[in-house]
Amino acid sequence: MKAILCTEYGLPETLVLTNTPTPAPSADEVLIEVKACGVNFPDVLIIQNKYQFKPSLPFSPGGEVSGIITAVGDKVTHVKVGDHVVALCGWGGFAEYVVVKSNRVFKVPSAIDFIHAACTLYTYGTSYHALRDRADLKQGETLLVLGAAGGVGLAAVELGKLMGATVIAAASTDDKLFVCKEKGADHVINYSTEDLRARIKKITHDKGVDVIFDPIGGGLAEAALRSIAWRGRYLVVGFATGTIPSFPANLPLLKGASIVGVFWGSFAEREPKQSMQNFTQLLTWMKEEKIKQHIHQIYSLEESPQALQDLVDRKVYGKAVVKI
Ligand SMILES: NC(=O)c1ccc[n+]([C@@H]2O[C@H](COP(=O)([O-])OP(=O)(O)OC[C@H]3O[C@@H](n4cnc5c(N)ncnc54)[C@H](OP(=O)(O)O)[C@@H]3O)[C@@H](O)[C@H]2O)c1
């Protein structure tokens, strides 16, 4: 089969297209003919050996796929050959076939096309877990989303609106903010040209924001936390800027606020029942077209290193997808 391989750690340009043997599933695994693979920031980290999971070399990046099951191991019962599925493989998705543990494979209705199905799990899964399970976002509250036109950011904008919040989207360019507006953002802040704190103060009439969704970290994190409302919740989602922020402890004290960690991958492992309920809800909203990913660009397998480079270069709005 054809696959994009990481043979040495480095930036996307080091990835190579090659032919490798098609893997076979063991007893609790399934073999998936990959139709599409969602592109996510962790893919950029994993090829540089900077991610929590460290597969041994050589490996193919690509953490979430959609496709058709072509073989199942002896112990697999909840899916069968021919099923349309999405799967959280972690890596291995930039390839024509991938084997995945069966508990990480979920059936999807054929009404949802492979391209959109391939971008369901990471972004909506993370953002819904963050807003629902970690922030307990309530109708009428104000939600600030940083990096709002990125994968998890744009999903948080859409889900925040659906959950009844007033959404403030913040991003680095007006073009990105235009996409956020299209997805329902009530207010937008361009943090390259505007003062984040002053704008939040004005928009919220001095009250501050109830929930902050932060997938970027870096220098804006403290400014955002200083703009939190009484009993606010600051969601630590990721550090796309490459800098993990640290905060003076008096800031949460003064606002009776919480700094809340979000680790969706671990949540899905440790709390599979709740994770499945979330996934079922997200699929329902997708079928009803209440949520729909903004697809930035569809790349071929050969172009998949470019998809990762576009993510590094902050060029992607919403989701990049590799079609196999
Ligand atoms: N905690 C979890 O469970 C979980 C799950 C999934 C993802 N994540 C993390 O969430 C973060 C975002 O993931 P994603 O897939 O949404 O990424 P993405 O689509 O690339 O979006 C990241 C956004 O971050 C902003 N950004 C600021 N500085 C950047 C830089 N130096 N390089 C790249 N982007 C930069 C960009 O927006 P502007 O240009 O507008 O600033 C970009 O749109 C990553 O750190 C990822 O590891 C965490």
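Which residues have the most contacts inside the largest nonpolar core? Before the answer, two notes. This is a predicted model, where local features need pLDDT of at least 70, side-chain atom pairs count only at pLDDT 80 or more, and totals for chains, interfaces and linings use all residues. Residues are numbered from 1 along each chain as its sequence is written.

The largest nonpolar core has 106 residues, and those with the most contacts inside it are Ile-32, Leu-144, Val-145, Ala-148, Ala-169, Cys-180 and Phe-213. Such a core is a set of buried Ala, Val, Leu, Ile, Met, Phe, Trp, Tyr and Cys residues joined through C-beta atoms within 7 Å. Buried means 20 or more other C-beta atoms within 10 Å of a residue's own, and exposed means 12 or fewer, with C-beta atoms placed from the backbone. Strand E3 (residues 29-39) gives the most to this core, 7 residues; strands are DSSP runs of E, at least two residues, and helices runs of H or I, at least four, numbered from the N terminus. The core lies between domain 1 (2-120 + 293-323) and domain 2 (123-265), because both give residues to it. Those bounds come from an automatic or database domain assignment.

Next, helix H5 (residues 174-182). Lys-176, Leu-177, Val-179 and Cys-180 are buried there. They fall within an arc of 155° seen down the axis, so they line one face of H5; the arc is that of the directions from the helix axis to the C-beta atoms. On the face turned away from that buried side sit the exposed residues Asp-174, Asp-175 and Glu-182. Just after H5, Gly-184 takes a positive phi of about 110°.
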